[in-house]
Each structure stands twice: as structure tokens, then as C-alpha cells.
Amino acid sequence: MRFAVSLLMFICVASLIGTVLQQNQAPSTYVDRFGPFWFALFDKFSIWHIYNSWWFLLIMGFLVVSTSICLLRNAPKMIRDARSFREYVRGGSLRAFHHRVELASPLAPQEASGRIEQWLRSHGYKWKRREDDEGVLLAAKKGGANRLGYIFAHAAIVVICVGGLLDSELLLRLQVWLGDKHPITQNMMIADVPESGRLPAGNPSFRANMLVPDGSISGNAIVSLENGVLVQPLPFSIKLNKFDVEYYSTGMPSSFKSDVEVIDHETGKTFNKVIEVNEPLRYKGITVYQSSFDDGGSKLELLGYPLHGSGEQTFDVEGVVGQAAKLPAAAGVSNVSVDLTGLRVINVENLDNGKEPQPKDVLQQVAAVTGSAAGAKNEHLRNVGPSVQYRVVDSNGQSYEFTNYMLPMQLDGSEVFLAGVRRSAAEPYRYMRIPADANHSVAEFMSLRAALNDPGMRAQAAERFAQANANDAAQRPLLQKAAEGALESFARGGFNEIVVKVPSAEREKVLGFAVPMIQLSLAELRDINRARNGLAPVDRSNPQAQQAAMRWTQTALLAFANLPDYPAPVFLSLKNFQQVQASVFQVARSPGKNIVYLGCIFLVLGVFSMFYIRDRRIWVWIRPQGQGSELLAAMTSQRRTLDFSREFERFKDAFKRLST
């Protein structure tokens, strides 16, 4: 029993960990939080899904077996003892009781027993009378339900653990271990999933997810198990008629709901239902919760810009979120593929002090609805507009993730576009700031990039720089050659290319000379490029205009310095989109829920019975003695507390009065 109690406490501690630590998140989330070493250690104990870990289920199973055996062995004896009056106690045994009273009474045995029976009745006792040649024995008891408290408490442990096991992955794993079910690890359509990857429609317990785009219908849910998934057919289909999202003034979602049509597969019956957070659909023993929302296959129109060479011809790319987009021949790229992974129409970011945003996943946005972000107030929060996420995969299978914002944002006094890149979801995005032009686009920057990679344009810019900054005619050719060489190296590899052959001690000095020269040459190159494209010269008519032009050039200079490290041959800008939203439902059949509720009722009854129902037993032995009688009474209880001692004193006083 002590070992079982220890295991029960262990389950309580494990449940506390599972409550505090958010479960079933991506491994990268835990690596970022705990580090690789602790992640590897904790992963051996599966604390990321602690309620379905093998050791947690094993302990629960052991408690069920152990406590059930204990209950089966002891419950019959407890029930018999609770029903028994123990009327065969002898007088000698009563004298061994600590709480006893013995006296002589002038009353006859029948009259004395009558008075005592009346007192027992008035105080809620049940009694049994036994007469023999020696006298009369009254065996009384009350509070026998106290023994039921132990039975209910132990039964509660069994029932709650059984309910927990039913709602765990145990039944699914048994189907995989003992049956012919195999989780699917490849990408495929649901219609193509073989029978080994499908669970039976009558599966008694499961917890799955279902994604339904606007206007679509689905009758299957996806169960995640180990490193794969299983398809769970439902007895009905859900058609998403409309998905509504409401937002706070900051742009965070305040609530979302799904207007669905439910179609019964057996009867063909249909009905409409609005599913919201905390207002699920319950039908045929299955509960459908509003979990979150996602993209349902939005149609995207992207404008592509080349990032290599002197070409500046743009190209259009069209695609659907969740699918691969084909780059046209005009892109000049044939060895990479582009997977469109996401569209975020609203991005609420804190841009205080020029902080660059980190796009949030859907669950973080949903936090506003569930309460954790609903009360957050920050004057620096604002919606920075739509963004697109895509993945570029090269011929070697190496991939990078990108996020580009559709609209420019004001950072550090400049209007810029943010182009983010990372290797995987485990890393934060690193951003390149691209200056916005007068039309709030990246077109002028991309055109200037092409000009920077054109030797002829670089030569013209270097010549104009030398003419404007040389002290005399003799210095002009040398300054022009230096500027042209610096621009060539900068275009090829950024600042690193300029100092790669320079000793470390001299690099700061070289950059102190080269950076201003490159910046001024870029300003000349910008003017030349604008004239070639038929645009008006850059406005430098007043100090404010001169300052704005200088900030634009500085931002462009830093962006060009980052371009060699930008791991994509093209830049894709979001031009237009047709959003298709999808509702994410959590679908559950939880037979264990009602069983756990029953176990909780048992536990309440057991605790109440054990602590608030006090068992009492009284024996009164009456024997004739002359004209009167001799009385011997004893009182006992399972818990001899101070209250019991006081109650015995009251019984003792009453017993003396009744015998006179």
C-alpha cells in the first residue's frame, strides 16, 4: 500500500509537470528553451507528451491492477464487518475495553434494557438483542457507512486511472502493436492512404485534428502517433460554410468561429452549427472543438526580381499556399524549387525602438482568444500588413525559409521592406532592410542592384565620383580607378570581399576609406540609373531632402552588403493574393471523460464518508443480580479522538441516569 501511495504521488508530480510545461509542441521549441543537452535528457522520459509516455501509462496500469486486487480482497470483509453487530461478545471481553462503564442498578433486566434501547433509538443507533441464560446483550452500531468511504476512495483511484487509460494513446498503440495498423510517414492524399493507415470508424477513443478550408467538406480526422499519422474516419462530415475572425484594435484576433454544416453519413441528416472557442459541437459521442485557424490554400501572385548578374527583368510567379510554385524561364533559374508555405494577412508587431519583427505562429495569435493576450496593451503594437512565407530548395536538397512583407514599414526613420531568412523553424529570422522608393516598392533598389553589377554603369559612377571629389586633375584617374575597383569588389562580395586580403590590423583603416567612397559612388550610380530609366533626378534641393537621399543610400549600401549572404537567386515580393482561410478543429471521442467524472464522485463520497461519518459501536451486557441487575457497557470506534472521548463521557453520564 505504501508503494501504491508513492506511485500515486509520482503521478501527481508528473501531472503537475504536464500542466506547467506546454505539451505536444515542435521539438525545436523545447531545444530553444532547454538547450540540446537537457532536451536529449528529458526526451528519454518523454516529458513533451508526458500523459502518453510509456512509464506514465505503466504506472497507471499498475495502480489499476494493484488497487483492484486490494479492493477485491478487502471490500467483502469491510462490507461484512459494516453489516455485523458483533453480538457474540462476552462479558469478559468487554472488561478489556478502555472506554467502559460498570455499575449495579435497582432496575430489573427487562426494564433496564428497555430504557437503554429507547436511548439508542433516540441517538440514531441500530442494535441487535441477544438473550441467553446469563442475561441480555444489546449490540448497537451507527456510522457503518464509514467503511464504505475506504471502498469508494480505492474504487475512485481505479476508475479515474481506467478513464485516463481509455483517453490516452494506449488503445491506438495496441492497434499498432497487435493489429495491422502502421502510421503514415509519407506525404499523400487522404484518398490514397492504405487500409493499414486507417483506423476503424468505431474506434472507442481518439483525439485528432481536422483542417477544413472555406467551402470545403471533410469526413476524416488526422491522429498523430509517434513519427507518423493515422486517418480516423468520422460518422459524419463537416462542411465549412464560413469562417469569421474578429480583431482587436491592435490587430490581434479577439475571437473566431466556424459556421458549419454537419452531414450524417448513416441517415443523410444535415444541420447547421456555429462552433466557437468553448462552444464545441457534440454529435454521436464525438466532440468537435474550435482549435485554431490556418491558411486553406490561398492563391498568391508574386513579383520576382533576379539577385545575380546585371539583368533586372522582373517576372510573375503564381501559386497556392501549401504547394510548389514554378519559376518561369524569365527567372533564369532552373536548379531550385520554391514551396509556398504561408500567407499571413495580419501581422501585429512591436516596432518600438526599430525592433525587427519575428512572425508568430497561429497558436501565438490564438492566445489572444483564449485570454493570455486579450488584456495586453502596448502603444507600439501595430499591424504591419500581409507577409508571405516560402521555402527555396536547391538541387542538393538544402533549403532556407524566407518571409517577405508586402508593405514597407518605418524603422529608424526610414521606410524599408523587410526580407527575412532562416535555415529552419528552430532559428529566428535574420532580416535584410531594403529601402522603399517613392512608389513604396523595391523596384528602384532592384534596378540599382542590376546597375551595380553592370561594369559600364560602375565605370560611369566611378568617373562622376572622381570628378566631384578629386582635388586636382592628376588625382582624378587614381581616384576613379580606386572607386571602380571598390564598387566591383563590393558588388561581388560586399565588404568582406574588400578586406578579405587585408591584414586584420589594417581592415578598419581600409573600410574607413572604402565605405564613404562606395556610398558616394552609389549616390552617383543612383542618379545615372534614374536618368537611364527616364526618372527625375533625386531631390536634394533642401537639407531635409538631402538627408532623406543620404538615408536611402545608406540603407541601400547595407542591403547590398548583405546580399552576398542572402541564400536565394531571386527575391519574391507579394503583389496580390486571394485569401482562403481554413478552420482547424480538434476532434475527440473521450469515453474516459465520463468515467473520470464518476471516479471523482466516488472520491468525494469516499473522502466525505471517511472524514465526516464517524463509526460507533456500543455493547451493553445486562445480568440479573438479586432484585436488580448488573450492567456492563463498552464503547469503541476506529478513530479514538478527543471527540470520541467526550462522546463516551456523555454516554457514561446518560448510562448512569438510565440505570437508576
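Helix 12 and helix 13 are roughly perpendicular to each other, a label given to angles of 65 to 115 degrees. Their angle is about 110°, and their axes lie 10 Å apart. Here an axis is a line fitted to C-alpha atoms over the stretch in contact, with angles running from 0 to 180 degrees between N-to-C directions. Helix 12 covers residues 504–532 and helix 13 covers residues 543–562; helices are DSSP runs (H or I, at least four residues), numbered from the N terminus.

## Where they touch

On the helix 12 side, V515, I518, Q519, L522, A523 and R526 make the contact, meaning heavy atoms within 4.5 Å. Their partners in helix 13 are A549, M550, W552, T553, Q554, L557 and F560. Sorted by class, this contact has 9 nonpolar, 3 polar and 1 charged residues.

## A look at the cysteines

How many disulfides does a search of the whole structure find? The search finds 0, where a disulfide is a pair of cysteine sulfur atoms within 2.5 Å. For C161, the closest cysteine sulfur is in C12, 9.7 Å away and too far for a bond.

## About the model

This is a predicted model: local features need pLDDT of at least 70, side-chain atom pairs count only at pLDDT 80 or more, and totals for chains, interfaces and linings use all residues. Residues are numbered from 1 along each chain as its sequence is written, and side-chain values use heavy atoms, leaving out hydrogens and water.

Notes:
Helices (H or I, at least four residues) and strands (E, at least two) are DSSP runs, numbered from the N terminus. Angles under 35 degrees count as roughly parallel, over 145 as roughly antiparallel, 65 to 115 as roughly perpendicular and the rest as oblique. Ala, Val, Leu, Ile, Met, Phe, Trp, Tyr, Cys and Pro count as nonpolar, Asp, Glu, Lys and Arg as charged, and the others, Gly among them, as polar.
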